[in-house]
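I opened the structure and kept notes on what I looked up. The entries follow in the order I made them.

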Amino acid sequence: MATKVYYSMYGHVEKLAEEIKKGAASVEGVEAKLWQVPETLSDEILGKMSAPPKSDVPIITPHDLAEADGFIFGFPTRFGMMSAQFKAFMDATGGLWRTQQLAGKPAGIFYSTGSQGGGQETTPLTAITQLVHHGMIFVPIGYSFGAGMFEMEQVKGGSPYGAGTYAGDGTRMPSELELAQAFHQGKYIAGITKKLKTAA
């Protein structure tokens, strides 16, 4: 099972997650599941931030991670790093870390930033530490997305680390090219997860 775990406040990361799930599910024999991490902010604060209601995607617990064969983690950036909500979830995985239940499992990363200088590379780069301590195998997409990685005529998020989008002031949603890259990442990492699972 390939698990997509994300946090999304305004829906940008969730849009990428949905497309990543489709990509993973397109690999024969792979079950793709979507989870969101718990919210840490109160409804009052979220209301003041004009955050829309959360979707009905199930809320994950650390225990659920142990059942998956591979992961793709997604989050918005906050000052060039993963959001506090996702970090709080990772901080709760100490029991899994102690027993190294996630060691050897492949994991990818996707993200959303507000601007071009807002963390398209620093966000995944700093998030890799979470995977390393768990012994997970980081799977970047490299330049496997092909010509889409070199697009210069339109604004496009993402990098060799993983799929990404630019939220701008919050009104910009992922473009078709960004969604295509997300689909590719889901398919790519699910394929690697399947190979590793089959070889075990």
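**Salt bridges**

I started with E19, which forms a salt bridge with K22, the closest N and O atoms being 3.5 Å apart. My criterion for a salt bridge was a side-chain nitrogen of Lys or Arg within 4 Å of a carboxyl oxygen of Asp or Glu. This is a predicted model, in which local features need pLDDT of at least 70 and side-chain atom pairs count only at pLDDT 80 or more, while totals for chains, interfaces and linings use all residues. Residues are numbered from 1 along each chain as its sequence is written, and side-chain values use heavy atoms, with hydrogens and water left out.

E19 and K22 are separated by about one helical turn, because they are three residues apart in helix α1. For element names I used DSSP runs numbered from the N terminus: helices are H or I with at least four residues, strands are E with at least two. I then looked up the burial of E19: its relative accessible area is 18%, so E19 is buried. The classes I applied are buried for under 20% relative accessible area, exposed for over 50%, and partly exposed in between, with a 1.4 Å probe and protein chains only.

How many salt bridges does the structure hold? I noted six.

Next I took D69 and K197, whose side chains meet in a salt bridge at 3.4 Å, N to O. This pair links distant parts of the chain, 128 residues apart: D69 is in the loop between α3 and β3, and K197 is in helix α7.

The side chains of D91 and K87 also meet in a salt bridge, at 2.6 Å from N to O. D91 and K87 are four residues apart in helix α4 (residues 84-91), so about one helical turn separates them. D91 counts as exposed because its relative accessibility is 51%. K87 has a relative accessible area of 32% and is therefore partly exposed.

**Helix crossing**

I looked up how α1 and α7 are placed. The axes of helix α1 (residues 12-25) and helix α7 (residues 176-199) come within 7 Å and cross at roughly 45 degrees. I took axes as lines fitted to C-alpha atoms, for helices over the stretch in contact, with angles running from 0 to 180 degrees between N-to-C directions. α1 and α7 are therefore oblique to each other. On this scale, angles under 35 degrees count as roughly parallel, over 145 as roughly antiparallel, 65 to 115 as roughly perpendicular, and the rest as oblique.

Is the crossing of α1 and α7 left-handed or right-handed? I recorded that α1 passes α7 in a right-handed crossing. The convention is that a crossing is right-handed if the near helix is turned clockwise from the far one by less than a right angle, and left-handed if anticlockwise.

Most residues other than glycine have a negative phi. F79 lies in the loop between β3 (70-78) and β4 (81-82). With 86% relative accessibility, F79 counts as exposed.

Q100 lies in the loop between α5 and β5 (106-113). Its relative accessibility is 32%, so Q100 counts as partly exposed.

**Surface patch**

Which residues form a nonpolar patch on the surface? I found Y10, I45 and M49, with about 240 Å² of accessible area together. Patches are made of residues with over 30% relative accessible area and no salt bridge, with like charges joined within 9 Å and nonpolar side chains (Val, Leu, Ile, Met, Phe, Trp, Tyr) within 5 Å. Accessible areas come from the Shrake-Rupley method with a 1.4 Å probe, and for residues only the protein chains shown count as cover.

I placed M49 in the loop between α2 (43-48) and α3 (62-65). M49 is partly exposed, because its relative accessible area is 35%.

**C-alpha distances**

L131 is in helix α6 (residues 122-134) and counts as buried at 2% relative accessibility. L131 and L102 are 29 residues apart in sequence and 8.8 Å apart in space, C-alpha to C-alpha.

A92 lies in the loop between α4 and α5 and is partly exposed, with a relative accessible area of 45%. The C-alpha atoms of A92 and H63 are separated by 9.9 Å, and the two residues are 29 residues apart along the chain.
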